[in-house]
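Let's take a friendly walk through a protein model together. Keep the sequence and the 3D view open as you read.

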Amino acid sequence: QFGANCLVMGDDHEGRFGEVEEHGCARVFLPRTAGISTTERVLGIIANDKLTEEATLQRKKHEAALYASLILELAQSNMTTGTILSSHEQDNGDTADSAPEPIMDDLSSSLKDDDGDSDDELPLQPKLGGDDTFTVVTFGTYDLFHVGHLQVLGRARKVAEEQAAERGLKARLVVGVSSTSLHRKKKDVGTIVPCKERLGIIAGFKVVDDVFVEKSLDLKCEYVKQFGANCLVMGDDHEGRFGEVEEHGCARVFLPRTAGISTTERVLGIIANDKLTEEATLQRKKHEAALYASLILELAQSNMTTGTILSSHEQDNGDTADSAPEPIMDDLSSSLKDDDGDSDDELPLQPKLGGDDTFTVVTFGTYDLFHVGHLQVLGRARKVAEEQAAERGLKARLVVGVSSTSLHRKKKDVGTIVPCKERLGIIAGFKVVDDVFVEKSLDLKCEYVKQFGANCL
């Protein structure tokens, strides 16, 4: 379909897809980024939620002990000994007014601070765009990058290009990525993704020209001066704020947020999905126990003429013991459900060749909850394309197949967190990617190679 010269895949697929070589497409297998995966990140979110619940229980226990100690102190106010209070302290293992011990956890560093609180020296080192440039600056945390973030960046870029065009200038978009410590000050909670990862992901998008770490909300004017910004673009939840930047010749534009999508909602969806899974497991165990009990009862009644005991058992459980448990109904967002069909495109696929002057690499993945490991795989695949193209005096081209939600379920026995259309849009936005498509079957590698004229997988 894409006239691919090379197929690039992770080394967990080492040796597979040899059939593409029959279509003149080489294969390259690259190492995965160690220590980072979507699965680990999801488990980290779930574990963090459970630790939060445990911390709440500890806090309640501490408050109850403190309240009890105050009552005891009042009761002992005329006593000469501290017998009762001492006994209370001993029962609880520590003094009643001591703070609860912090919960130690083994979550990855992605759930902890990864940047300091120290600010850069003022004035900041200038990174101006030149007299022929109209510069827009915008800010955000961009945690668990999603399509809402992508649309905000796209709209900010559009502002830059429209304003630059009116003045006959070049457009420039600079993005400030909030440090983990700043995000905690804003939201009272840390980020899931480390600052360096978020910075790298934002820097990879076609619409972004420069990035930096935002360490304080009070430095908006300093950042405006540092980058020579002509316009500050923010979400409309900040409507009317940061008027001080206008004193430095910087206009303000407030854009609407993308409705129905946020990092918070996505995290809550993951947690809710985990709790539903736990509930489903409990239901399954209950059903298995009831089924086992019914078999025992059937054996016991094998010589009886009445079904009294078994009937009684059925009544207690509310249904027959061998009926399957009812499915759990949930109100999770569509991002946790299918968003693409199982129907395949008609074969042969519509060709999308790259031309005789192009060396095409094709690679595949789900790219759920996009992280720096995904970014590095794309970067390495691009490097393969550029090196192979340079040897042949050709142009490099990277085509990425994004697994459909239904295909991912077939591969992993679990759906995706992020809908297919969102994942497709995010991958298409990166500088290193030339074309994207939805991969609907693992059995169509050769068809995709022919479709894009791939030289390497």
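**A helix and a pair of strands**

Helix H9 buries Val372, Gly373, His374, Leu375, Val377, Leu378, Ala381, Arg382, Val384, Ala385 and Ala389; buried means under 20% relative accessible area, exposed over 50%, and partly exposed in between, with a 1.4 Å probe and protein chains only. This is a predicted model, where local features need pLDDT of at least 70 and side-chain atom pairs count only at pLDDT 80 or more, while totals for chains, interfaces and linings use all residues. Residues are numbered from 1 along each chain as its sequence is written, and side-chain values use heavy atoms, leaving out hydrogens and water.

H9 covers residues 372-392, and its 21 residues reach 30 Å from first C-alpha to last, close to the 30 Å expected at 1.5 Å a residue. That expected span is 1.5 Å times one less than the number of residues. Helices (H or I, at least four residues) and strands (E, at least two) are DSSP runs, numbered from the N terminus. Just after H9, Gly393 has a positive phi of about 70°.

Now turn to the strands. Strand S1 (residues 2-10) pairs with S11 in the parallel sense over four bridges; pairing takes at least two DSSP bridges between two strands. Gly3 has Gly453 as its bridge partner in S11. Of the five residues in S11 (residues 452-456), four are buried.

Which cysteine forms a disulfide with Cys6? It is Cys456, with the sulfur atoms 0.7 Å apart; a disulfide here is a pair of cysteine sulfur atoms within 2.5 Å. Cys6 lies in S1 and Cys456 in S11, so the pair ties together parts 450 residues apart in sequence.
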